[in-house]
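Reader: I have a model open and would like to know what stands behind the terms used for it. Please set each value against its definition.

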Protein chains: 2
Amino acid sequence: MTAAEHPFDLAIALAAEESGQFSGHTSERYWNAISPFGGTTAAVLLQAILLHPRRLGDPLALTVNFAGPIRAGGFSIRLVAARTGRSTQHWQMEIRQPGEPEPLVTGTAVFAVRRPGWTDTETRLPETPGPEKFSRYISPANVPFLARYDIRYVDYDPFAGGADSSTQCWIADVPPRKIDFPAIAAYCDTFIPRLFVRKGKMAPISTVTLSINFHIDGAALERRQPLHAFGQSKANAFNGGYYDQEARLWSADGALLATTHQMVWFKDADM
Amino acid sequence: MTAAEHPFDLAIALAAEESGQFSGHTSERYWNAISPFGGTTAAVLLQAILLHPRRLGDPLALTVNFAGPIRAGGFSIRLVAARTGRSTQHWQMEIRQPGEPEPLVTGTAVFAVRRPGWTDTETRLPETPGPEKFSRYISPANVPFLARYDIRYVDYDPFAGGADSSTQCWIADVPPRKIDFPAIAAYCDTFIPRLFVRKGKMAPISTVTLSINFHIDGAALERRQPLHAFGQSKANAFNGGYYDQEARLWSADGALLATTHQMVWFKDADM
């Protein structure tokens with residue numbers, strides 16, 4: 001299998017249109033309950049910028065707003081380089097589908113050229129045995145995209161319920177795939193919903209908005225070529241049908257890849 | 001002094017234009033080194049949505065990208081309600097100035113109607129003496145907006161330098177003003193730059209992008225009418241001329257108001 005044949009690469013494959021925009025197609029293998037896995041949606045927006053001829057540097061920040069459910073089928077990505085400076089570039093993005101007058105996804109991204117200088121990571125990879133020491137988690141949720149991620153919780157049963165939503169896990173693609181920027185974006189949305197962790201059972205949830213700050217540059221990522229990431233995730237508050245999720249993501253060899261936060265809609269009528 | 005005469009209200013005052021957009025004017029009193037204080041810019045974008053006749057519910061999330069420096073003078077805010085669902089509404093925003101073909105600020109926001117249901121806050125206000133027990137911090141930075149905030153660090157001298165960028169502080173407006181959603185947005189950008197905390201001195205920095213998740217609804221905020229907020233802030237990583245800042249913000253009576261993340265450009269040539 002070549003990299004180009006990996007199901008993740010197929011899921012985020014884009015064709016450049018004459019308009020300068022990109023067209024893509026949803027993937028059955030990264031399907032969630034009623035729309036694509038949000039991580040693939042974040043990844044494909046990032047991929048569009050990475051493929052764009054005017055792109056400057058590497059991803060620094062990404063915000064993706066899930067405004068409406070993407071249906072199975074083709075979609076188009078509209079990209080605008082809103083402003084390009086000497087070292088930063090600001091993008092505005094939308095995902096649209098035929099017959100929908102309004103965008104289904106909106107977003108912004110900042111790309112930047114990093115330069116040599118003072119470097120320090122305060123938020124270090126926790127000391128923990130490697131992924132081979134833990135078992136792959138099999139979710140009771142019967143949605144296709146979960147088969148595409150090898151998630152290994154290192155601390156406890158994520159469905160145990162309790163007063164603390166924190167979890168820690170190893171994450172890898174199935175089959176294995178070197179972690180690149182689109183993979184980092186997707187990994188940021190692979191954590192088991194914090195509501196499930198607290199309640200010990202599943203309930204209807206939907207990510208409304210997701211933001212990611214990237215802490216590694218492309219050259220360092222290429223040099224490391226990690227296959228496994230380690231993630232810590234927690235919620236700060238559940239309130240009025242919405243809760244948040246914060247997470248940190250490191251490569252197995254200790255580089256902080258990204259920090260991320262999202263807001264999630266949830267339904268708790270039966271709780 | 002009435003609420004309408006507070007300098008913060010004047011700084012975020014907007015006039016509705018016939019086009020459906022809004023026009024505003026930068027404030028000398030909230031000026032930073034070369035452009036307006038970023039917190040006022042975030043606040044005025046939120047204020048535009050709050051004033052919009054099609055607005056649904058309360059702020060849930062806000063992302064503001066600082067693409068270019070706003071000059072002193074008038075500006076216009078272009079708002080698009082990209083999609084409105086039953087309980088969430090997605091906005092796209094830009095700030096423009098005459099003679100500038102490109103936007104100076106881009107952003108997105110999600111507003112939502114919260115509904116009664118399961119509520120729990122995991123991230124609690126730390127136990128700490130009230131703001132009256134601490135002295136107001138006087139920054140060596142000679143920029144006007146700092147006079148508009150009463151910041152009281154509770155743990156140590158924020159310019160001490162060291163290996164940990166974490167700080168905790170009380171925050172209030174000068175003169176006092178009840179905390180509303182625009183104030184929360186502005187407070188999220190009042191923390192002393194994490195680079196200064198680590199290095200124990202000032203250096204050129206500029207926020208590139210700022211995201212905020214709101215954890216309180218408008219009715220609860222109105223009921224509490226807090227005058228003081230408590231903030232915790234830290235950086236995760238400094239790398240290649242960019243670093244991040246995370247923060248949490250509570251009302252003095254213990255409600256989690258917001259969590260926020262930003263990426264900051266910095267120059268370290270002389271470090």
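Author: One pairing between the chains makes a start: A:D120 has B:F238 in β12(B) as its bridge partner. This is a predicted model, in which local features need pLDDT of at least 70 and side-chain atom pairs count only at pLDDT 80 or more, while totals for chains, interfaces and linings use all residues. Residues are numbered from 1 along each chain as its sequence is written, and chains are lettered from A and ligands numbered from 1 in the order in which they are written.

Reader: How do you know which residues of chain B are in contact with chain A?

Author: The test is that C-beta atoms, placed from the backbone, lie within 7 Å. By that test 51 residues of chain B are in contact with 51 residues of chain A. Strand β14 (residues 256–266) of chain B gives the most to this side of chain B, with five residues.

Reader: What relation holds between chain A and chain B, and why?

Author: A rotation of 180 degrees with 0.0 Å of shift along its axis superposes chain B on chain A, with RMSD 0.0 Å (least squares on the C-alpha atoms of residues with pLDDT of at least 70 in both). That is therefore the relation of a two-fold axis. The same surface serves both copies, as 100% of the contact residues of chain B recur in chain A.

Reader: Why is B:L46 called buried?

Author: A residue is buried if 20 or more other C-beta atoms lie within 10 Å of its own, exposed if 12 or fewer, and partly exposed in between; C-beta atoms are placed from the backbone. B:L46 has 28 such neighbours, so it counts as buried. B:L46 lies in helix α2 (residues 38–51) of chain B and, leaving out residues up to four places away in sequence, touches B:P59, B:L62, B:A109, B:F181, B:P182 and B:A185.

Reader: Why is strand β3 of chain A called largely enclosed?

Author: Eight of the nine residues of strand β3 (residues 58–66) of chain A are buried, so the rest of the structure largely encloses this strand. Eight bridges join β3(A) to the antiparallel strand β6 (residues 105–112) of chain A, where A:D58 stands opposite A:A112. Five bridges join β3(A) to strand β10 (residues 205–214) of chain A, also antiparallel, with A:S211 as the bridge partner of A:T63.

Note on methods:
Two residues are in contact if their C-beta atoms, placed from the backbone, lie within 7 Å. Helices (H or I, at least four residues) and strands (E, at least two) are DSSP runs, numbered from the N terminus. Two strands pair if DSSP finds at least two bridges between them.
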